[in-house]
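Visitor: I have the sequence and the model open side by side. Could you take me through some of the local details?
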Amino acid sequence: MRYSFYPGCSMEGTAVAYCKSLVAAAWALGLYLEVIPDWNCCGATVAPGLAGSYTSRVLAARNLALAASRGLDVLVGCSACYLALSGANRRFQEDALFRIRAKEALAEGGLRYDGNLRVRQVLEVIAHDVGLDKVRERVRQPLTGLYVAGYVGCQTVRAVPWSFDDPEKPQFLEKLIEALGAVAVPFPAKVHCCGGSRAAAAPGEALGYVKNILEAAESAGAALVITPCPMCQFNLEVNQLRINQTCGGSFNLPVLFFTQLICVAFGLAPAAGLKHCLVPPYRALSRFRP
Amino acid sequence: MKTLKGAGAAQPLLYDCGFAREIYALEGGAQLKRCMQCGVCAVSCPSRQEMDYTPRRLFSLIRAGRKEEVLDANTIWVCTSCCTCRVRCPRGIDILGLMHELQFYYLRSWFKVHSRASFQQAFWQELRERGRIGEAGVMLRCWLKEGGLTGAVLKSLEMKGTGLRLLRRGRLRLIPPKIEGLTGLNKIIDKALAQQGYAE
Amino acid sequence: MVGGGISGLTAAVEAAEAGFDVLLLEKKPGLGGRVAQLNLYFPKLCSPNCGLEIIFKRLAANSRFRFLTSAEVIAVSGGEGSFEVVVNLKPTFVKENCTGCGRCAEVCPAERPNAFNFGFDRTKAAYLPHRLAFPYRYVIDGEACRGPSCARCTAACPYGAIDLEMEARTLILKAGSVIWAAGWEPYDTARLGNYGGGRYPNVITNMVLERMASPGGPTSGKILRPSDRREPASIAFVQCAGSRDENHLRTCSGVCCLVSLKQAAYVRECCPEARLAMFYIDIRARGFYEDFYARVREGTGIELTKGKPGEIREDPATGNLLVLVENQLNGRVLEENFELVVLAAGMAPSALCAGLPASARDRDGFVSPVLAPGFYAAGCATRPMEVAPAVRSGAAAALRAVQWLGRRGHGR
């Protein structure tokens with residue numbers, strides 16, 4: 001199966017491990033990704049406030065226009081990118097007035113898009129196109145006895161509600177954890193907000209969100225947390241260190257992308273990019289690395 | 001804006017619909033008319049404890065024409081874009097979309113600046129100049145906006161622990177490359193802004 | 001006639017008494033539909049049984065009326081005067097000579113969750129659909145039954161009425177006119193993740209409360225919390241659970257406000273000390289129902305709060321529930337504890353069969369009262385409604401159907 005792949009800005013920076021592990025895990029599952037050439041920032045949830053939702057959707061649609069000729073589904077890992085791209089795409093498909101105006105704007109840059117693509121989240125592709133059975137089959141190093149908190153975050157399941165999971169009480173990430181042989185701890189905070197980009201705009205205000213999530217994961221007995229969202233991963237990891245420094249916390253919870261955990265379970269640990277973690281996961285994963 | 005005619009007399013309260021009409025005319029703004037004031041958004045918001053007005057009250061104030069109160073409230077700035085209100089709203093209103101649109105309205109009306117908007121402005125600048133976002137660049141721009149050169153230096157020193165850690169772990173690109181089609185991207189953006197009657 | 005609930009039964013009795021041959025098809029093992037599950041009607045707070053009994057008596061006296069239970073309609077095709085109805089007959093493993101003596105249930109070793117009580121209790125695999133079942137005949141649940149290898153019931157039955165080899169059959173029936181009265185299902189509250197529907201034991205639907213309060217119900221009329229079977233000291237009624245909601249059912253179910261008020265009235269009788277509260281968007285008590293609303297408001301001391309709860313959280317230790325809601329009148333966010341939460345689940349149309357014209361369906365799946373010439377719909381399949389309009393709508397559909405047949409000289 002082939003997909004156009006939209007990495008998104010964070011995958012070139014703070015979430016570089018997501019990019020590496022996602023590509024490796026996808027390859028192992030028979031998903032072949034072609035990066036959209038010369039893609040641009042999707043605008044995330046920041047550009048709409050500054051340039052308006054319309055302009056923000058149009059600039060996100062530039063990426064879809066670049067991928068249009070190949071006709072492949074557009075695979076997105078980052079949840080904010082998924083929200084922006086799927087939102088722009090839906091407008092193209094459902095709102096005739098938007099389509100006319102946006103096509104005009106895209107033409108200014110010599111591009112064209114008609115709304116012919118589908119925008120898909122990696123977890124949704126694993127749920128629908130791959131299936132957990134195939135994931136289970138591919139496991140070489142079952143993560144037996146590893147207690148994992150599956151932190152789903154907000155936008156992954158809420159951008160397009162019910163596309164593959166319940167937006168209020170998602171189950172799929174936990175099923176995936178179990179498919180890798182690990183134990184998914186009961187984790188009611190799995191959809192609580194991490195503070196999103198507010199953590200960057202005003203770091204002090206966002207520590208509370210993160211503290212609650214980490215406490216919930218710790219008291220559930222998790223050895224590590226996994227997430228499909230770069231913003232969540234960054235906030236949980238960086239603010240964990242800040243809480244330890246400034247508020248006397250003693251958290252020591254590695255926060256990985258779920259694809260990194262897949263890579264470890266698939267016996268592809270070198271591709272998992274574990275070296276990029278600020279909170280080292282080596283002790284938690286020591287039993288599963290060759 | 002409410003206008004009371006005759007001081008203290010039992011006069012009818014008159015509403016100015018002009019502000020509400022301006023908001024309805026924003027992208028997706030007409031959705032606001034559908035709000036039935038049930039208050040699900042108010043309870044669902046993870047930032048509700050810090051909000052001056054809950055989204056429901058904000059919408060009610062917009063309808064009542066209370067422009068100053070709406071734009072002075074921190075409500076639109078503490079939204080984390082978590083989408084919880086959007087998936088719960090029984091009227092199917094894209095509430096976070098409206099929050100973004102209200103931020104946009106705030107910044108492009110006579111206010112121009114807002115203490116909480118520096119991050120967004122930095123983000124936008126980076127997007128316009130490179131086409132992609134580099135975390136280090138955005139933060140530096142943001143701190144420059146907030147505190148000038150000295151402020152930025154102080155803030156950088158304060159955050160240097162995190163920054164160095166990220167750098168050491170290969171997670172920070174100090175100077176990310178520009179995209180090749182940057183000119184085209186900017187033309188598209190300019191056109192989109194112009195279509196709505198704005199220019200930068 | 002498709003559906004043996006109150007509107008289908010009314011249509012059947014009216015058409016049969018007008019001199020037309022009527023065959024009624026019911027998916028469940030007994031007639032009576034949702035009305036048979038109710039405790040009391042509003043606004044008079046009387047039992048629904050007498051109304052049902054009158055209809056059953058009229059039907060039993062009429063030789064033109066026949067019915068099939070455990071019969072699910074899969075498709076309707078054809079048109080004007082020559083409809084073909086495809087029916088799946090589910091095996092009940094019990095023949096018509098059953099007298100309802102109950103020996104089979106005494107010896108049956110297998111159990112099943114009692115669907116009539118929404119799984120609140122369990123019955124044997126051989127069971128009577130409910131206390132006032134019509135026909136008064138036992139059925140065996142094919143999924144729970146251990147099959148011919150067990151056969152204790154076959155041995156115990158004094159009338160030889162049990163046939164564990166019974167197989168499913170498909171019938172194709174011909175009809176001059178078809179009335180679709182498939183009724184409604186409570187909206188699946190498991191889709192309301194923020195209310196903990198299907199996850200928190202003490203969050204129940206109004207239909208479960210109705211079963212609980214019913215003298216023939218699983219708790220013999222006592223109101224008990226599912227988690228610890230204790231009488232709750234506080235009960236919250238949460239309105240619009242799945243109705244008036246773009247993410248669920250778009251339409252207002254129209255009856256839930258009055259149902260909750262009715263329930264508050266009878267719960268007040270059996271739990272005089274309990275705290276009762278109701279959270280609503282608007283209270284929609286139209287016409288004379290306003291008087292009922294006023295009476296319950298004054299008479300029960302129920303706390304009415306304008307505001308739709310956004311979230312319900314469970315304290316796993318006690319099973320108590322925290323309801324988060326913004327009071328619209330003062331803008332304050334309330335976090336209040338209750339021991340039992342009753343969701344006023346919306347009314348969703350029952351599953352449709354093949355052959356119903358797509359153009360006649362709205363976005364929630366309700367159908368238009370006139371589907372095609374000779375093909376009509378009645379009751380809650382057309383829109384959510386309470387019992388009285390369902391009866392009227394059944395009569396109206398019967399009139400449409402017989403007029404159509406009469407004009408063409410069919411059926412008599």
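This is a predicted model: local features need pLDDT of at least 70, side-chain atom pairs count only at pLDDT 80 or more; totals for chains, interfaces and linings use all residues.

Visitor: What kind of peptide bond joins Phe134(C) and Pro135(C)?

Guide: The bond between Phe134(C) and Pro135(C) is cis, with omega at about 0°. A cis peptide bond also joins Phe42(C) and Pro43(C), where omega is about -5°.

Visitor: Where is Pro43(C) placed?

Guide: Pro43(C) belongs to the loop of chain C between strand E1 (22-25) and helix H2 (49-60). Leu45(C) lies in the loop between E1 and H2 of chain C as well. The phi angle of Leu45(C) is near 55°, a positive value in a residue other than glycine.

Visitor: Is Leu45(C) buried, exposed or partly exposed?

Guide: Leu45(C) is partly exposed, its relative accessible area being 34%. For another positive phi, turn to Cys240(C), which has a value of about 55° although it is not a glycine.

Visitor: And where does Cys240(C) sit?

Guide: Cys240(C) is in strand E13 of chain C, which covers residues 234-241. Its relative accessibility is 9%, so Cys240(C) counts as buried.

Visitor: Now Glu311(C). Where is that one found?

Guide: Glu311(C) is in strand E16 of chain C, residues 311-314. Its relative accessibility is 14%, and Glu311(C) therefore counts as buried.

Visitor: Which side chain makes a polar contact of 3.1 Å with that of Glu311(C)?

Guide: The partner is Arg313(C), whose side chain is joined to that of Glu311(C) by the 3.1 Å polar contact. Not counting residues up to four places away in sequence, Glu311(C) touches Val43(B) and Arg88(B) in chain B. Within chain C, it touches Asn194(C), Tyr195(C), Leu322(C), Val323(C) and Leu324(C).

Visitor: Helix packing next, please. How do H2(A) and H10(B) lie relative to each other, roughly parallel or roughly antiparallel?

Guide: H2(A) and H10(B) are roughly antiparallel. The axes of helix H2 (residues 47-68) of chain A and helix H10 (residues 182-195) of chain B come within 9 Å and cross at roughly 150°. The crossing is right-handed.

Visitor: Which residues make that contact?

Guide: H2(A) contributes Ala51(A), Tyr54(A), Thr55(A), Val58(A), Leu59(A) and Arg62(A). From H10(B) come Leu185(B), Ile188(B), Ile189(B), Ala192(B), Leu193(B) and Gln195(B). By class, the contact has nine nonpolar, two polar and one charged residues.

Visitor: What about H1(A) and H12(A): at what angle do their axes cross?

Guide: The axes of helix H1 (residues 16-28) and helix H12 (residues 258-265), both of chain A, cross at roughly 45° and come within 8 Å. The two helices are therefore oblique to each other. H1(A) passes H12(A) in a left-handed crossing. By class, this contact has eight nonpolar, three polar and no charged residues.

Visitor: One last pair. How far apart are the axes of helix H5 and helix H8 of chain A?

Guide: The axes of helix H5 (residues 122-130) and helix H8 (residues 172-179) of chain A are 11 Å apart, and the helices pack at an angle of about 65°. H5(A) and H8(A) are therefore roughly perpendicular, and the crossing is left-handed.

Visitor: Which residues meet there?

Guide: Leu123(A), Ile126(A) and Ala127(A) in H5(A) meet Phe172(A), Leu173(A) and Leu176(A) in H8(A). By class, that contact has six nonpolar, no polar and no charged residues.

Definitions and conventions. Residues are numbered from 1 along each chain as its sequence is written. Chains are lettered from A and ligands numbered from 1 in the order in which they are written. Side-chain values use heavy atoms; hydrogens and water are left out. Axes are lines fitted to C-alpha atoms, for helices over the stretch in contact, and angles run from 0 to 180 degrees between N-to-C directions. Helices (H or I, at least four residues) and strands (E, at least two) are DSSP runs, numbered from the N terminus. Angles under 35 degrees count as roughly parallel, over 145 as roughly antiparallel, 65 to 115 as roughly perpendicular and the rest as oblique. A crossing is left-handed if the near helix is turned anticlockwise from the far one by less than a right angle, and right-handed if clockwise. Ala, Val, Leu, Ile, Met, Phe, Trp, Tyr, Cys and Pro count as nonpolar, Asp, Glu, Lys and Arg as charged, and the others, Gly among them, as polar. Buried means under 20% relative accessible area, exposed over 50%, partly exposed in between (1.4 Å probe, protein chains only). Contact means heavy atoms within 4.5 Å. A polar contact is a pair of N or O atoms within 3.5 Å; within protein, one must be able to donate a hydrogen and the other to accept it, and residues adjacent in sequence count only if both atoms are side-chain atoms.
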